[in-house]
Every structure is written in C-alpha cells, then in structure tokens.
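Work through the exercises below with the sequence and the structure in view. Each task is followed by a solution in steps.

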Amino acid sequence: MRNLRSEWKSFLRCCQEFQLVALPASSSTISCFLVYLSQRTLSYRYILNHLNSLHVVHLYYNLPCDTLTCFSVRLMTMGLKRLLGTHTNQKHPVTLELLCCIYNLLDTSVASQFALWCLFLVAFFTFLQKSNLTAPSIQALDPEKHLMRDHIKFTSQGAFLLVKDMTAS
C-alpha cells in the first residue's frame with residue numbers, strides 16, 4: 001500500500017509540474033508521465049510498477065482504464081523497455097581460482113570454518129545448487145530438499161551423497 005501511495009504522489013507531482021489533468025488520465029498524460037519517470041530511473045520494472053499503480057487508482061475510482069492500454073501508451077512502454085532493458089542479476093560462476101581465494105581466507109583449524117570449506121568443496125565438485133545446500137530460514141529447512149548430515153555416507157571407497165532433485169514436485 002505504501003508503494004501505491006508514493007507512486008500515486010509521483011504521478012500527481014508530474015501532473016502538477018506539467019499542468020496536466022490527473023484523473024481520468026488521458027493517453028498524452030500517461031505518455032508524459034512515462035517520459036517523466038524515464039528521466040528519474042534506469043529501471044523498466046520501476047516504470048511498470050508506477051503504471052500498474054495508476055491502473056489500480058483508476059479501478060478504485062471506477063474510471064475507464066482503456067487509455068492505460070491504448071496503442072500510444074503500449075508503444076511508449078515498448079520503447080522504454082528497449083531503451084532501458086530488463087536487467088537481470090547474473091550470478092558469476094564459482095571457479096577454482098575463487099575456491100582457492102576462499103580457502104586462503106578460512107582458518108581450517110576452526111571446526112565451523114573447516115565444515116564450511118567442506119561444504120564449498122562438495123558443492124563445487126558435485127555441481128550442487130545453492131538451493132540444495134541452504135534454506136532461506138530455519139523454518140524453511142526441509143530434509144527432503146536440503147542436504148542433511150545423514151545424507152552423507154563415508155565408506156572405504158569414498159563418500160556418497162544423497163541429493164534430492166529440486167525440480168521434481
């Protein structure tokens with residue numbers, strides 16, 4: 001609700017600054033607002049959130065919403081998407097070089113740090129995903145999904161890991 005309020009204030013500020021009629025918003029008012037937002041952010045998602053908030057306000061007051069999806073507004077949002085792009089947070093791969101750097105930072109004489117080092121090695125050499133190793137909270141820990149102590153068996157031939165398939169549900 002707080003985001004809706006701040007996004008609505010942003011729209012009203014734009015309308016006041018450029019002397020536009022706020023409600024019901026015309027396609028030219030919305031286009032002006034999109035340009036206004038594009039000057040203040042590099043995030044296409046941020047602009048879409050503002051546009052969605054404007055849609056919610058129109059629905060709340062039983063105002064027509066067709067201008068929010070009209071051709072000129074759609075064209076403007078497509079152009080902003082091309083201009084700003086949709087950024088993704090790409091994770092960098094773990095390499096042997098990075099693994100060596102991590103090892104140099106750890107004191108393996110401390111049991112907890114040695115256990116962490118073992119966890120890194122297991123994850124690296126078995127290609128495990130983070131979701132197999134860690135849970136977002138203690139309440140979300142699920143022995144059917146996460147690697148547990150009893151899922152590791154040591155024999156004279158080596159170690160055996162029981163890893164569950166995270167994609168199967």
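## Exercise 1: Aromatic pairs

A search of the whole structure finds seven aromatic pairs. Rings of Phe, Tyr and Trp (its six-membered ring) pair if their centres lie within 6.5 Å; planes under 30 degrees apart count as stacked, over 60 as edge-to-face and the rest as tilted. The model is predicted, with local features requiring pLDDT of at least 70 and side-chain atom pairs pLDDT 80 or more, while totals for chains, interfaces and linings use all residues. Residues are numbered from 1 along each chain as its sequence is written, and side-chain values use heavy atoms, leaving out hydrogens and water.

Solution. 
- Step 1. Helices (H or I, at least four residues) are DSSP runs, numbered from the N terminus.
- Step 2. Phe 11 and Phe 33 are both buried. Buried means under 20% relative accessible area, exposed over 50%, and partly exposed in between, with a 1.4 Å probe and protein chains only.

Solution. 
- Step 1. Phe 18 sits in the loop between H1 and H2 and Tyr 36 in helix H2, 18 residues apart.
- Step 2. Phe 18 is partly exposed because its relative accessible area is 42%, whereas Tyr 36 counts as buried at 6%.
- Step 3. Trp 8, Phe 11, Phe 18, Phe 33 and Tyr 36 form one aromatic cluster.

## Exercise 2: Packed helices

Task: describe how H3 packs against H4, and H5 against H6.

Solution. 
- Step 1. Axes are lines fitted to C-alpha atoms, for helices over the stretch in contact, and angles run from 0 to 180 degrees between N-to-C directions.
- Step 2. Helix H3 (residues 44-60) and helix H4 (residues 71-84) have axes 9 Å apart, at an angle of about 155 degrees. H3 and H4 are therefore roughly antiparallel; angles under 35 degrees count as roughly parallel, over 145 as roughly antiparallel, 65 to 115 as roughly perpendicular and the rest as oblique.
- Step 3. Tyr 44, Ile 47 and Leu 51 of H3 meet Thr 77, Leu 80, Lys 81 and Leu 84 of H4. Contact means heavy atoms within 4.5 Å.
- Step 4. By class, the contact of H3 with H4 has five nonpolar, one polar and one charged residues. Ala, Val, Leu, Ile, Met, Phe, Trp, Tyr, Cys and Pro count as nonpolar, Asp, Glu, Lys and Arg as charged, and the others, Gly among them, as polar.
- Step 5. For helix H5 (residues 96-105) and helix H6 (residues 111-126), the axes come within 11 Å and cross at roughly 175 degrees. H5 and H6 are therefore also roughly antiparallel to each other.
- Step 6. The contact of H5 with H6 has ten nonpolar, one polar and no charged residues.

## Exercise 3: Loop backbone

Task: where is the cis peptide bond, and what is its omega?

Solution. 
- Step 1. The cis bond joins Leu 23 and Pro 24, with omega about -15 degrees.
- Step 2. Pro 24 is in the loop between H1 and H2.
- Step 3. Gln 19, also in the loop between H1 and H2, has a positive phi of about 55 degrees although it is not a glycine.

Technical notes
Helices (H or I, at least four residues) and strands (E, at least two) are DSSP runs, numbered from the N terminus.
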